[in-house]
Amino acid sequence: MALIVHKYGGTSMGSTERIRNVAKRVAKWHRAGHQMVVVPSAMSGETNRLLALAKELAPATHTTEYARELDMIAATGEQVSVGLLSIALQAEGLQAVSYAGWQVPIKTDSAYTKARIESIDDARVRADLAAGKIVIITGFQGVDAQGNITTLGRGGSDTSAVAVAAAMKADECLIYTDVDGVYTTDPRIVPEARRLHTISFEEMLEMASLGSKVLQIRSVEFAGKYRVPLRVLSSFTPWDIPIEEEAKSGTLITFEEDEKMEKAVVSGIAFNRDEAKITVMGVPDKPGIAYQILGTVADANIDVDVILQNVSHEGKTDFSFTVHRNDYAKTIDLLNSKVVPALGAEKVVGDPKICKVSIVGIGMRSHVGVAATMFRALSEEGINIQMITTSEIKTSVVIDEKYMELAVRALHKAFDLDQDAA
Ligand code: ASP
Ligand code: MG
């Protein structure tokens with residue numbers, strides 16, 4: 001008998017019919033002798049609907065008090081889901097009980113709309129499991145030290161499920177979703193994209209942070225920290241497929257690297273269009289420049305991603321970096337008003353129409369020439385690289401947004417990702 005956590009996303013919970021299917025699937029696992037904890041999201045579209053209502057009535061300035069109410073409102077979506085799933089399980093003839101985050105309790109900090117889980121008390125849940133019940137816990141929400149309801153940020157139910165699995169030392173956490181696993185890249189862009197049978201936790205972390213939206217990034221961090229065995233799989237298979245088959249489907253996020261080393265050097269291609277490039281031109285090349293530019297940006301709470309500084313000519317250099325597109329205008333204004341005059345720089349130019357394309361693979365640690373293959377593939381397509389950044393297991397390039405799909409396709413091919421290595 002194992003302790004298993006299932007997480008179901010909004011699409012899987014999208015209608016009463018689908019909830020009935022979830023109940024039948026969970027019942028199948030329970031009847032196979034497993035202790036089951038289920039963490040569902042709100043029904044699809046529900047969180048958006050709730051937040052849109054709040055927005056209609058929102059005050060002009062968005063205070064902490066306002067954020068508190070947003071969480072109060074958004075958390076109801078998951079409360080409806082757990083209640084519905086619980087009665088659907090009861091209709092299957094099983095004992096089930098649902099809990100909101102505060103009832104468990106799942107304790108978080110007080111950062112409304114993006115709270116972090118601090119602790120989970122599993123006593124109540126364990127007692128229910130021991131009594132033969134299936135326990136259903138709301139995703140996405142918790143309670144702070146003052147008893148206020150908090151939410152974990154969009155997509156936060158993944159993190160709830162992994163955190164519950166970690167706290168209870170579950171044997172596995174299965175994330176059921178509307179895709180059947182993690183792919184080498186987005187199949188909408190590359191039809192030959194292939195499902196990965198396994199991906200290492202570190203690769204998954206890079207893929208999630210580079211824009212692959214299968215899992216909320218915090219859930220991957222959590223899984224890595226507490227070594228939670230995690231699997232992403234489809235909730236659209238027939239609920240009654242044999243459990244052994246289901247248990248092997250999807251993509252397993254692994255912690256062992258050795259077996260992986262034999263496989264592809266690059267595991268996946270990630271991309272995102274969320275960034276914008278900014279260049280401060282004609283900056284005097286002297287100590288403290290990076291600090292003055294990026295320190296000012298950081299003080300305004302703006303995250304910087306790729307950074308590039310070139311050699312100087314006649315004592316002047318250009319300094320480029322990328323920020324989230326939403327911060328683009330704000331950053332340009334900030335540089336023009338504060339940094340350019342203080343530094344005696346020439347001017348600020350920017351380009352919001354860029355994208356970042358990355359190759360990810362732990363095999364890059366032990367192979368040389370991987371980046372060169374990437375650059376060759378891009379040059380053969382006539383794609384100009386504007387910036388490059390690397391880490392141990394990834395190489396990213398910033399290019400013109402209009403070549404994004406072409407670049408992803410070319411790289412997918414160059415690294416033979418359409419060929420099944422497993
Ligand atoms: N319902 C929340 C959202 O839409 C949390 C989740 O689905 O993971 O973001
Ligand atoms: Mg999700």
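## Basis and the cis peptide bond

Helices and strands are DSSP runs numbered from the N terminus, a helix having at least four residues and a strand at least two. The structure described here is a predicted model. In these terms, proline 105 lies in the loop that links strand S3 (96–99) with strand S4 (106–108). The peptide bond that leads from valine 104 into proline 105 is cis, and its omega is near -10°.

## Helix H1

Helix H1 comprises 16 residues, 16–31. From its first C-alpha to its last it reaches 22 Å, which is close to the 22 Å expected at 1.5 Å a residue. After H1 comes glycine 33, with a positive phi near 105°.

Which residues of H1 are buried? They are Ile19, Val22, Ala23, Arg25, Val26, Ala27, Lys28, Trp29 and His30. The list therefore holds Arg25, Lys28 and His30 under a criterion of less than 20% relative accessible area.

In soluble globular proteins, nonpolar side chains tend to be buried together. In this model the largest nonpolar core has 45 residues, and the members that touch the most others are Val5, Val37, Ile137 and Cys173. Helix H5 (residues 157–167) supplies the largest share of this core, six residues. Apart from this core lies another, of 24 residues, including Ala2, Ala27, Met36 and Leu174.

What does valine 37 touch, leaving aside residues up to four places away in sequence? Its contacts are Leu3, Ile4, Val5, His6, Val125, Leu129, Val135, Ile137, Val164 and Met168. Cysteine 173, a member of the 45-residue core, has a relative accessible area of 0% and is therefore buried.

## Cysteines

How many disulfides does the model contain? With a limit of 2.5 Å between cysteine sulfur atoms, the count is zero. Cysteine 355 has a relative accessible area of 1%, so this residue counts as buried.

## Strand S20 and its partners

Strand S20 (residues 394–400) is mostly covered, since six of its seven residues are buried. Strand S18 (residues 354–360) runs antiparallel to S20 and is joined to it by seven bridges. Within this pairing, cysteine 355 has isoleucine 399 of S20 as its bridge partner.

Strand S19 (residues 387–391) also pairs with S20 in the antiparallel sense, over five bridges. Methionine 387 is bridged to valine 398 in S20. Two residues separate S19 from S20, and the two strands form a hairpin.

## Positive phi outside glycine

Asparagine 301 is not a glycine, yet its phi is positive, about 65°. This asparagine sits in the loop between helix H10 (289–299) and strand S15 (304–309). Is asparagine 301 buried or exposed? Its relative accessibility is 72%, so asparagine 301 counts as exposed.

Aspartate 416 likewise has a positive phi, of about 55°, although it is not a glycine. The place of aspartate 416 is the segment that comes after helix H13 (404–414). Because its relative accessibility is 48%, aspartate 416 counts as partly exposed; the exposed class requires a value over 50%.

Terms used:
Residues numbered from 1 in each chain as written. Chains lettered and ligands numbered in written order. Predicted model: local features only at pLDDT ≥ 70, side-chain atom pairs only at ≥ 80, totals over all residues. Heavy atoms only, no water. Expected span 1.5 Å × (residues − 1). Buried < 20%, exposed > 50% of the residue type's maximum accessible area, 1.4 Å probe, protein only. Core = buried A, V, L, I, M, F, W, Y, C linked by side-chain atoms within 4.5 Å. Contact = heavy atoms within 4.5 Å. Pairing = 2+ DSSP bridges.
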